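Here are some notes for a colleague who is opening this structure for the first time. Please read them with the sequence and the model side by side.

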Amino acid sequence: MKAAVLNQASYQLEVAEMETPAPAKGEVLVKLKTASINHHELWSMRERSIVGLSPVIMGSDGAGEITEVGPGVASTWIGKAVMINPSLNWGSNPRVQGPDYQILGFPRNGTFAEYISIPVEYVYEKPSHLDFDEASAIPLAGLTAYRALFIRGELETGSNVLVTGVGGGAALFALQFAIEAGANTYVTSGSEEKIQMAVSLGAKAGVNYKEPGWDKKLLALAGGFDIIIDSAAGTGFAALTELANPGARIVLFGRTAGKITQLNPSTIFWKQLSIHGSSMGNDEEFRAMIDFFGVHKLHPVVDSLFGLEDINKAFERMALGQQLGKMIITL
């Protein structure tokens with residue numbers, strides 16, 4: 001099979017011929033139609049955090065058809081169109097992942113390949129209203145957004161919600177979920193085009209965080225926020241505590257802007273704010289997220305499609321922040 005393999009000297013992906021895996025006991029073999037890329041892989045390559053003794057096939061998101069089953073798996077799975085849950089070995093505590101937790105793509109080979117063998121408990125039938133491009137766009141970012149918004153953020157209908165840095169995968173999913181759940185949803189972005197896209201999806205309004213006084217503009221628009229979903233952190237995080245209503249929840253799942261600085265502790269304790277870290281999610285949350293897509297007939301926003309041989313170009317586009325939605329790799 002063809003696969004995009006990580007060169008651990010250059011930390012670029014190179015297309016190579018690899019042996020097609022055989023499904024072991026309890027596993028299924030999926031002929032992948034599409035995969036999608038995430039900041040998770042981009043950060044791993046930038047920081048050179050993946051070190052393996054054998055070729056590494058990265059990739060967390062994928063969708064395709066089951067072509068073979070291993071011992072102990074019902075043959076009725078063969079031919080089913082599925083999407084893959086990349087959140088592996090969560091553990092027994094629903095609040096936090098256990099010591100054996102991993103995200104698909106390392107050390108277990110991931111989805112940047114024509115085939116993947118995966119335990120059957122991590123495949124879910126694709127909602128019928130989604131095509132394979134859309135289905136592969138969802139897993140990692142959709143799960144991240146769902147847990148951040150509904151579990152850690154405790155979303156309620158009518159809440160004022162702020163999603164920062166809209167345009168990437170998880171932020172867009174958080175926006176779509178919040179709107180569908182009846183929240184008054186606002187956004188920030190460094191791009192006017194991305195703000196307008198968010199408004200077209202149902203956001204009340206948005207502001208450009210590159211402009212002076214962006215936080216004051218938001219406060220004038222919304223009057224404060226009950227839930228803030230952030231993936232940037234950095235120097236702007238302190239302003240989020242000022243924008244938060246008393247008793248609000250601020251949920252952080254990323255660090256694209258670097259370390260948090262200049263927080264005012266009195267703002268946090270006097271407003272009785274809750275600042276939650278969140279990362280990925282458990283099996284029940286993945287199922288609930290897929291069901292949410294099915295019930296509401298939601299479609300993810302797809303930015304562009306790339307062939308496997310152009311996967312590095314897709315990551316270059318992501319590194320420059322040019323995407324409007326998810327970027328899909330066709331296999």
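1. A residue is called buried under 20% relative accessible area, exposed over 50% and partly exposed in between, with a 1.4 Å probe and protein chains only. By this rule Thr185, at 1% relative accessibility, counts as buried.

2. The model is predicted, and local features need pLDDT of at least 70, side-chain atom pairs count only at pLDDT 80 or more, and totals for chains, interfaces and linings use all residues. Residues are numbered from 1 along each chain as its sequence is written, and side-chain values use heavy atoms, with hydrogens and water left out.

3. Thr185 is part of strand E12, residues 184–189, where strands (E, at least two residues) and helices (H or I, at least four) are DSSP runs numbered from the N terminus. Setting aside residues up to four places away in sequence, Thr185 has contacts (heavy atoms within 4.5 Å) with residues including Val161, Leu175, Ile179 and Ala205.

4. E12 belongs to an open sheet of six strands with parallel pairing, in the order E13-E12-E11-E14-E15-E16; two strands pair if DSSP finds at least two bridges between them. The edge strands, E13 (205–208) and E16 (274–277), each pair on one side only. Within the sheet, five bridges join E14 to E15 (residues 244–252), and Ile228 stands opposite Ile250 in E15.
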